[in-house]
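I opened my notebook to go through one protein chain step by step. Here is what I looked up.

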Amino acid sequence: MSIEINGIAHIQMTLREPAAGLPFWEKLCHFLGMKTLIRNEDTVYCIGGRTGILVRAAPDDKRDKVFDQWTPGLHHFCLRARSTEDVDRVYEYARDELNAR
């Protein structure tokens, strides 16, 4: 017997540089139509579109560890868009407004 999942409840990421990363992710989530549910000095949690994105600061003693996408752990996540124009708008916003690299 199997079940059918009902989407992703949330995705959680841990940041090396929370001073820059938390505002970046919160602004990007707002651009995606999400609302901030939790915000404090170490965490931002936004919800919308039947999705949650939680971003938090890494503990001070772990911030110097280097991420390697080829080791076990989250490689990436992909949000579903309604059109290629929407994808282009997210790219332009991240590039022009958030100075994403």
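**Ground rules.** I noted that this is a predicted model, where local features need pLDDT of at least 70, side-chain atom pairs count only at pLDDT 80 or more, and totals for chains, interfaces and linings use all residues. Residues are numbered from 1 along each chain as its sequence is written, and side-chain values use heavy atoms, leaving out hydrogens and water.

**Overall layout.** I found two helices and four strands. From the N terminus, their order is β-α-β-β-β-α. Both kinds are DSSP runs, numbered from the N terminus: helices are H or I with at least four residues, strands are E with at least two. The C-alpha atoms fill a box of roughly 45 × 40 × 30 Å along the principal axes. Of the 101 residues, 25% are buried. Buried means under 20% relative accessible area, exposed over 50%, and partly exposed in between (1.4 Å probe, protein chains only).

**Helix α1.** I checked its length next. The 14 residues of α1 (residues 18-31) should span 20 Å at 1.5 Å a residue, and the end C-alpha atoms are 19 Å apart, which agrees. The expected span is 1.5 Å times one less than the number of residues. Which residues of α1 are buried? I listed Pro-18, Gly-21, Leu-22, Trp-25, Glu-26, Leu-28 and Cys-29. Just after α1, Gly-33 has a positive phi of about 85°.

**Positive phi elsewhere.** Most residues other than glycine have a negative phi. I noted Arg-50, with phi near 60°. Arg-50 sits in the loop between β3 and β4 and is exposed, at 60% relative accessible area. Asn-99 has phi near 55°. Asn-99 lies in the segment after α2 and is exposed, at 61%.

**A loop residue.** Where is Thr-71? I found Thr-71 in the loop between β4 and α2. Thr-71 is partly exposed, at 40% relative accessible area. Thr-71 and Ser-83 are twelve residues apart in sequence and 32 Å apart in space, C-alpha to C-alpha.
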